[in-house]
Each structure stands twice: as structure tokens, then as C-alpha cells.
Amino acid sequence: MTSLAEGPKHGYAITLDVEQMTGVRLGPGTLYGALARLEAGGLIEALPAEDRRRPYRLTPTGTAALEGQLRALQQVVRSGLDRLRVVGA
Amino acid sequence: MSRALARALLQLYPMAYRRRYGEEMRALLDQTPVRAMTLADLLRGALAAHLRPAAAALSPADRVRASASAVLACWVAFAAAGFGFYKTTEGARFAAIGTTHPLLGDAHLAVQALAIGASGAVVLGALPLIAAALAQARRQPRLRMVLMLPILAVLVFAVLTALLVLVAHSQGSDHPNTVGGGAFIVWGLAGLGCGALCVAASRRALFSVSLGPPRLLIALLCSSLVSAAMIAIALAGAVYAIALQTDASNLAATPNGPLGVLSTGSSLIGQLGVMVLAGTLAAITTRRGWRVAGA
């Protein structure tokens, strides 16, 4: 979902983006399993196919859900780093 | 070689999933290196897709198709159990007990009448789909082959049935008790195989043919009728089995079938179990089909 935050992407572009962000290359089974679940949950939607590829984009619900998740993660990261600084001091 | 294997592994995914994501996955496989991990990932994905099918993989029309196809599968299993019920309760002794105990006679009659009605609903629902499939098969050789499979399977099963009857007659009686258990088991397994092939081929054809909303709606209506009839038949069958147990316990205790392993009462319970399960699954899947159609 984070990969789709900057705009619609098709499967291959998502794979490259996720690999660049995390260092993990998603297999086609994992990628499309996740896309199917997100689509079923109304978090992403498919756009008309371009050639053999179909781009996906976040829905408004997906955008809100992603933002909520990222803010929660941000809070965890901030707290964790603060605590590390206290221990290290 | 790996790429070809990866493309072959895509065939392991559910049909609806392939229809929705297959082309995209093939495009992705063409653009990325295929390693052993990719093959393992595809296998894992296929298993997950079967265990937890995502609703997004099915378009509303495909969900109605899946519902109709599942009801047909339930009907085949139900019909097999129903045939067992018919064979278990046929004969002079059962006819006689039906006349002296009205509840037994009425329940048996209800089972037969409902079975005829349900068979009619199956034919009514299938005819528009078969007509559409035949019309499109002229342009699609692969679809022609898919449609030929159930016909061939039924023909083979008919030949096997004729052989079984011949064996029974050659033993001096047309009663199955005189037929070797081995021949009966082979015949039964062939029947199950034929039913499974018919279901698989019809499912394949159903997903290969483009169908308009009216035909799908007819299929869904008939699926509802068949599901309701299955539950009603199972209920009538249960009434019959209970009445037989209470009113004619001696008859219920007699050995049943060519192998004589189970009593008549136990056989009826087993058959009714399959009927109830198939009827319940059909009702659940039909309800899901209506939910999609109404959305």
C-alpha cells in the first residue's frame, strides 16, 4: 500500500518499488495474493488494463487506512528511538 | 525451462483467480527472473488462493457462475446418495410396508416427486447455459472438447452399467445381491468418476462461456429451486428412515446392498447424511449467489 501512495502502479512496478524500499523481492504469488486481499477489502482498486498489465491505486478508504497505519508506526518508531536515547545516555 | 514451469504452475490457481489475475501474473513472470524461490512462491500462493479465496478474484457474474457450478456439484453428490436411497428402499417388501404404514408410503412418494421436480429444475437451469455453450463452441475448438468430455464419460458409464446388468442376469437373477462385490465397487467408482468429470467439465465450460444476466438469473433461480428441493427430499427421507426404524425395525435391520456390510437402517442414515450435507452446502452457496446478484 505504501508503494501505491505516490500513485497507481502495476505489478512489476510494485515489485521493483518494494524491493527498493525494503530489499525484499516479492514473488508473484505473494504479490497477487496481497493485491487480491486488498482489493477484496476495498483498500485498493484496479484501473483499466494497459496491454497485459493492470495498474492499481489506493481507494479513499485505503489512503485513510495507510495513513492511520503509518502514523501508528511513526509513534512506535519515535517512542523506540527516544527510549534507546535514554538508555544510551 | 523455469519460466515454462512457472507458467504451468499458474494452472494450479483457482479458475476465477486465473481469469482475474492470470494475464497480469504471466506478464510479471515475463519481466522478472524466475528462480526456485519464485516457483515455491507460486505454489504457496496457489494453495492460499484455494484455502482463502479472495472475493476480489471473482467478478459478480463469476460469483453467480461459481454458485451455479457448486450447486451442480452438490446435486451430483446428492443424486448419488439419492440413487442409493432408491436402491435401498426398492423391492416388494418395501412396497408392501408402504401400503400398510401410510407415513412410510407418503414419505417415499414425496421423495420421488421432489426428486423429479429437482431434476426438472436442474435441466431447466442448465438448458440456457448449454445452448450458449454450444453456440460458442462452434468458434472455440477447446470448448468443444470440454463439452464432449461429460458426454463421453456418461457413455462409458452407461456401457459399464449395461455390463453390470448383464453380469447380474448371467447369474440367474437381476437382483444386485447376486452380483460380485468387486464388479459393484468398480461400477460405483466409475459412477463417482463420471460425476466428478461432468462437474469439472461443466464448471470449466460455465467459466469459458460469456453469459448475459438473464441466463445467469435463470441459473440462479433454478439453483434455488434445486437447493430447496434437496433439503425437502432430505427431510422426507429422514421421516422415512425414522418411520422405518420405528414401524418396521425388522426390515431396517436386514443387510443392505450386494456386499451386505451395513443394515438397511445404517445405509439410510449414511445416505441421508450425504443428502443433508449436499443440500446445506447448496443452500449456502445459492444464498451467496443471490447476495451478489442483489448487490
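1. At 22% relative accessibility, B:F157 counts as partly exposed, a class lying between buried (under 20% relative accessible area) and exposed (over 50%), with a 1.4 Å probe and protein chains only. The model is predicted: local features need pLDDT of at least 70, side-chain atom pairs count only at pLDDT 80 or more, and totals for chains, interfaces and linings use all residues. Residues are numbered from 1 along each chain as its sequence is written, chains are lettered from A and ligands numbered from 1 in the order in which they are written, and side-chain values use heavy atoms, without hydrogens and water.

2. Over all chains, the whole structure holds 8 aromatic pairs; rings of Phe, Tyr and Trp (its six-membered ring) pair if their centres lie within 6.5 Å, with planes under 30 degrees apart counted as stacked, over 60 as edge-to-face and the rest as tilted. One of them, B:F83 with B:W187, is tilted, at 5.9 Å centre to centre and 50° between the planes. B:F83 belongs to helix α4 (residues 60-88) of chain B and B:W187 to helix α8 (residues 181-208) of chain B, so this pair ties together parts 104 residues apart in sequence. Helices are DSSP runs (H or I, at least four residues), numbered from the N terminus.

3. B:W187 is buried, at 14% relative accessibility. B:F157 and B:W187 form a stacked pair, 5.5 Å centre to centre with 25° between the planes. Since B:F157 lies in helix α7 (residues 141-170) of chain B and B:W187 in helix α8 of chain B, the pair ties together parts that are 30 residues apart in sequence.

4. One aromatic cluster is formed by A:Y32, B:Y13, B:Y17 and B:Y21.

Terms used:
Helices (H or I, at least four residues) and strands (E, at least two) are DSSP runs, numbered from the N terminus.
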